[in-house]
Amino acid sequence: MSKELITGAEALMRSLQAEGTTTIFGYPGGCIMPVFDALYDYTRPENPIFNHVLVRHEQGAAHAAEGYARTSGKVGVCLVTSGPGVTNTITGIADAMMDNTPIIVIAGQVGTPAIGSDAFQEVDLVGITQPISKWSYQIRKPEDIAWAVSRAFYIANTGRKGPVVLDFPKNVQTAKFEYEPQTVDFIRSYTPYPTPAADQIDKAAELINGAKKPLVLVGQGVELAEAREELKQFVEKANLPFASTMLGLSAMPSNHPLNKGMLGMHGNLGPNVKTQECDVIIAVGMRFSDRVTGRPSNYAKQAKIIHFDIDKTEFSKNIPADVCILGNCKETLPMVTKLLIENNHNEWIESFKQYDQKEYDKVISAEVHPTTGPLKMGETIAKVTKATGNKAILVTDVGQNQMMSVRYFKFTEPHSVVSSGGLGTMGFGLPAAIGAAIGAPDRTVCFFTGDGGLQMTIEELGTIMEQKTPVKIILLNNNYLGNVRQWQEMFFNHRYSFTPMMNPKYELIAKAYDINYELVTEREKLDAAIDKMIKTEGAYLLEVAVIEEVDVLPMTPPGANVDEMLLEIKR
Amino acid sequence: MEKKLYTLIVHSENIAGILSQITAVFTRLQVNIESLNVSASSIKGIHKYTITAYSDEEQIYKISRLIEKKIDVLQSRVMTDDEIFIQEVVLMKISTPVMLNNENVCKTIREHNAQILESNHTYSVVTMTGKTDQIMDLYFSLDEMNCVLQYSRTGRIVITKSTEEPLSDKLAKLERENH
């Protein structure tokens, strides 16, 4: 009996199916045509194995895959062509690397005999992507397809998660061979879940049990490890106040009594000030980024630092750690919790309140509850989160819209923050929101953006139109590149060099893409407009004309100590 | 921070592209590689890289950690000279007529325990193994006598003085855990 011979392209389809892929974000082109030809049979309405989302630009495919991965917990898959097709995904790959988002970019490549000949749409993809991906590999023969795909999924979605790139030459896509499924669940040079040292567990428990003023810093690692319940037991047993990084915000509910808010440059006053007063810091799945630490040489010098992380290269990378607990925090947190004594830090926790009140009086009140003047970003965001019962997924672009959103949006559900943290990618938001909505079809997705960021990837409105993706887009339009304008105001003597921005008529754009639209310019109409947006099925573009020149506060100026937060800026 | 010469010993799977991933870490931190030697190791399928670079302690450990983070890298270790046996090899093409006319050339070669591999009327090929300073001493001595036509020196190769074999132990442990 003759054995079945299939093409490499068909083998890719079978391998993706074997890994549980259901959604692919892609864009066809010359060197990936055999794969798209095979995909045609896998997306037929009568038997749709995959949902292929045709984006309008490959950058959108990568960001959409990121959004999908962040809300679904699955690996986001992109399928693009060679050369410019895949170079357009580079920003998304780098973004996913910085934020530990598991995506796989599969790109066509010229045939192996033509590689190195400067053939049409040839680019050294492995060379370009090695430094910005977890693994980048060129599939040189069809027999490697099943192995490479399975290995890609294993690497992307285990340990410290991240992007993987597969470079797939056209002649390998068309070659016929005997396909054999493969599963990779072990790589001898890769230890995704290392075992923690027992003495470090003991030392951590000892330090926490003896702490008078402990502070837990919660990072996205908690969400990635699905360790929400383990963290809850950890902080509640020893009565430990905690604050989150931007990407860790939905790891615990916003209204948890021990939750003291957000860390960082535009975080809350209390946790930033208390960072410089606490005696023990317990960092869980966070990396002490410069946006969190302010001036690192003066960061929490008085405190002992316990660092939980799955990646040993994070230990003492930015801030020296006294105790390093290597491993998956879903396992390591309970190990320490078991050794903790039930404790009471009420006086210490109470001491945050004066700073919460000060921040409310100086910043939050005017931002969230203004009664006169132009509309504010903060009040818009606070009304939207309230309208969703704090259950929605927040997607942001980058800039003032992002900082305001993460400050004023509230969370009750996990996996609810989709934002570009490390790379700070303007244009991330719209395609990421599409992916987020597809990854969590039962949840409301609220995407806050500025006029600058929206225009960077505005072509993805076409994807929303075609896919009927129910993204609620809230455009906080201030006719400026607001964050840069704020820095020009503060550090460049008000010289607004190319930050004022002329905007198109978004109503006409929304109409062209058949997307519901409303413009709000008056405070009295904001509640009704938000209510209508939330109740309207499908996509919606709510443009809010917000105050043009506004500063995101509080703010730790660059190079300042983390507790040196400005609550006002003298104009 | 004071910079000194460190040696990194890296072991990786034998997969195309690992070397560029390793050197990219040095590029990212703008650290020059002083010497580099790559060859198959004594363990089948595993390659060994011996890399030297001037660095301070904090930076070289950072480099090592970033290298070890690469998926197909098994291990990266920072070594100082007192922890390793070091050897390099030099090949020099010297002028045979100059050598025959100047007895000090042969004397210098003998004093350095160097060997002549090949000799003809035009040139002779001298080789020696040793540490950098020993090799450079031979080179400068011969060069002063105007007989050196070509010179080529390898990067250092090293083995550790330790009685422990961490990579073999690690691989054995992995084998046990996965069978």
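Figure 1. Helices (H or I, at least four residues) and strands (E, at least two) are DSSP runs, numbered from the N terminus. Look for Ala107(A), which sits opposite Asp167(A) in β7(A). Strand β4 (residues 76–80) of chain A also pairs with β5(A) in the parallel sense, over five bridges, and here Gly76(A) faces Ile103(A) in β5(A).

A word on conventions: residues are numbered from 1 along each chain as its sequence is written, while chains are lettered from A and ligands numbered from 1 in the order in which they are written. Because this is a predicted model, local features need pLDDT of at least 70 and side-chain atom pairs count only at pLDDT 80 or more, whereas totals for chains, interfaces and linings use all residues.

**Figure 2. A six-stranded open sheet in chain A, from β11 to β14.** The order across this sheet is β11-β10-β9-β12-β13-β14 (chain A), with parallel pairing. Strands β11 (259–262) and β14 (323–326) of chain A are at the edges with a single partner strand each, so one side of each has no neighbour in the sheet. On average, neighbouring strands are turned by 15 degrees against each other, direction ignored; the axes are lines fitted to C-alpha atoms (for helices over the stretch in contact), and angles run from 0 to 180 degrees between N-to-C directions. Within the sheet, strand β9 (residues 214–218) of chain A and strand β12 (residues 280–284) of chain A are joined in the parallel sense over five bridges, and Pro214(A) stands opposite Val280(A) in β12(A).

Figure 3. Strand β17 (residues 445–450) of chain A meets strand β18 (residues 471–477) of chain A in the parallel sense over six bridges, with Phe448(A) opposite Ile474(A) in β18(A).

**Figure 4. Helices α3 and α5 of chain A.** The axes of α3 (residues 58–72) and α5 (residues 90–98) of chain A come within 7 Å and cross at roughly 25 degrees. That makes α3(A) roughly parallel to α5(A) (angles under 35 degrees count as roughly parallel, over 145 as roughly antiparallel, 65 to 115 as roughly perpendicular and the rest as oblique). Helix α3(A) contributes Gln59(A), Ala62(A), His63(A) and Glu66(A) to the contact, and α5(A) contributes Thr91(A), Gly92(A), Ile93(A), Asp95(A) and Ala96(A); residues are in contact if their C-beta atoms, placed from the backbone, lie within 7 Å. By class, the contact of α3(A) with α5(A) has three nonpolar, four polar and two charged residues. Ala, Val, Leu, Ile, Met, Phe, Trp, Tyr, Cys and Pro count as nonpolar, Asp, Glu, Lys and Arg as charged, and the others, Gly among them, as polar.

**Figure 5. Helix α19 of chain A.** Eleven of the eleven residues of α19 (residues 429–439) of chain A are buried, so this helix is largely enclosed by the rest of the structure. Among them are Leu430(A), Pro431(A), Ile434(A) and Ile438(A).

**Figure 6. Where chain B touches chain A.** The contact takes 17 residues from chain B and 14 residues from chain A. On the chain B side, β1 (4–13), α1 (18–28), α2 (57–68), β4 (73–79) and α6 (166–177) each supply at least two residues. The largest share of that side, four residues, comes from α1(B). Its residues divide into seven nonpolar, five polar and five charged.

Conventions:
Pairing = 2+ DSSP bridges. Contact = placed C-beta atoms within 7 Å. Buried ≥ 20, exposed ≤ 12 C-beta atoms within 10 Å, placed from the backbone.
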